[in-house]
Amino acid sequence: MSLVKEVRLALTEAADPSKAAGMRAYMKSEMPFLGVPAVPRRAALRRVFAEHRLDSAPEWRRAVLAIWREAEYREERYAAIELTAHRFYRPWQTLYTVPMYEEMVVTGAWWDLVDEIAVHRVGTLLRLFPESMRPLMLEWARDGDLWKRRTAILCQNSFKERTDVGLLYACIEPSLSDTDFFARKAIGWALREYAKTNPGEVVRYVDHKRITGLSRREALKNVPGD
């Protein structure tokens, strides 16, 4: 049985259909849910991935995209994201994965799918390959696609003191005038994460750029005195 079918079977067996409608409503998802909460989902997927190890980076990328593209339920897309992070395949996190992640960001087009990829996949590539990924993030930051812009803004969220502040601001600024909730929320979240390392700089930036509303509230949420 193919990995795609094994993933689908494992998720179906772990599903609690009584939870499906509530999960879908909470996520405001057009794609239906099976009703598999995170803990049993991850347990089922660990077993499947361990039993069906892939032999090459191209095979792994094809498997990820097959699960993603053929998904009938949202948990299958979560499974594709989890396969991208599996410990077996960490050495294959190279620039060859960029088109895969770009497709997942653009077609996922919602925070529960995009943010994990932005922070923990694209962010990893930026850390490993800064000379190639930095200009790409600047390009994505100016893209017409909201979710590519959000990815560029969020990709350094786990960097702490290693944050490239110039890149962070350069990725934020094309979206400063965007009134979309997910753009404004991303700006605030990215600044809030950096504020854990350098709160004074974030206060300076927010005041200098006259950032208001949701982005400001999120950015300064944990800054003493603001």
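Modeller: We can begin with Glu 201, which has its place in helix H12, helices being DSSP runs of H or I with at least four residues, numbered from the N terminus. This is a predicted model, in which local features need pLDDT of at least 70 and side-chain atom pairs count only at pLDDT 80 or more, while totals for chains, interfaces and linings use all residues. Residues are numbered from 1 along each chain as its sequence is written, and side-chain values use heavy atoms, with hydrogens and water left out.

Biologist: Why is Glu 201 called buried?

Modeller: Buried means under 20% relative accessible area, with exposed over 50% and partly exposed in between (1.4 Å probe, protein chains only); Glu 201 has 18% relative accessibility and therefore counts as buried.

Biologist: What makes the pairing of the side chains of Glu 201 and Arg 204 a polar contact?

Modeller: The term requires a pair of N or O atoms within 3.5 Å, where within protein one must be able to donate a hydrogen and the other to accept it, and residues adjacent in sequence count only if both atoms are side-chain atoms; the two side chains make this contact at 2.8 Å. Leaving aside neighbours within four places in sequence, Glu 201 is also in contact (heavy atoms within 4.5 Å) with Tyr 169 and Tyr 194.

Biologist: How do you know that the span of helix H11 agrees with its number of residues?

Modeller: The expected span is 1.5 Å times one less than the number of residues, so the 15 residues of H11 should span 21 Å, and its end C-alpha atoms are 21 Å apart, which agrees. Of those 15 residues, 11 are buried, including Tyr 194.

Conventions
Helix = DSSP H or I, 4+ residues; strand = E, 2+ residues; numbered from the N terminus.
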